[in-house]
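Here's a quick tour for anyone new to this one. Have a look at the structure first, then read on.

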Amino acid sequence: MHRYIAQANVDHYIALLNGADLLPDRRSAITKMLISEVDGLGRDLEQLEFFENRAAAGRKRVEHVASLRDGFAFGTLERRHADELLVNIENLQTLLEDACHRLRRKVNARGL
């Protein structure tokens, strides 16, 4: 049950961090909660697969947002907002990729 709740929390935090309208202090607080949740998860293949799936979805999201951003003309307000959103999405992606690497190392250290 704990694993299900932790994974649901991770998904919830990811969804919140994908939003464009978070203030920096709120984004920071949610990021800290996400990191804490990640650190509390088990270190097995199931958790690694969970994070690898989230990281793969995140890579697609980065590509999608970058593509949308590229549709706006340089110097416009829309482009600036899209740039800001892309930076947030890329930062989240870095966090997800780092979680995958940490979990992969821990799973490998345990021995498959």
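## Two helices side by side

Helices α1 and α3 run roughly parallel to each other, because their angle falls under 35 degrees, the cut-off for that label. The axes of α1 (residues 2–17) and α3 (residues 45–70) cross at roughly 15° and come within 12 Å. Here, helices are DSSP runs of H or I with at least four residues, numbered from the N terminus. Axes are lines fitted to C-alpha atoms over the stretch in contact, with angles from 0 to 180 degrees between N-to-C directions.

On the α1 side, R3, Q7, V10, D11 and I14 meet E46, Q47, F50, F51, R54 and R61 of α3, where contact means heavy atoms within 4.5 Å.

## Salt bridges

The structure holds 7 salt bridges, each a side-chain nitrogen of Lys or Arg within 4 Å of a carboxyl oxygen of Asp or Glu. One of them pairs D39 with R102 (3.6 Å, N to O). D39 sits in α2 (residues 24–40) and R102 in α4 (residues 77–110), so this pair ties together parts 63 residues apart in sequence.

Another joins E52 and R104, with their closest N and O atoms 3.0 Å apart. E52 belongs to α3 and R104 to α4, so parts 52 residues apart in sequence get tied together.

## About the model

This is a predicted model: local features need pLDDT of at least 70, side-chain atom pairs count only at pLDDT 80 or more, and totals for chains, interfaces and linings use all residues. Residues are numbered from 1 along each chain as its sequence is written, and side-chain values use heavy atoms, leaving out hydrogens and water.

Methods: Angles under 35 degrees count as roughly parallel, over 145 as roughly antiparallel, 65 to 115 as roughly perpendicular and the rest as oblique.
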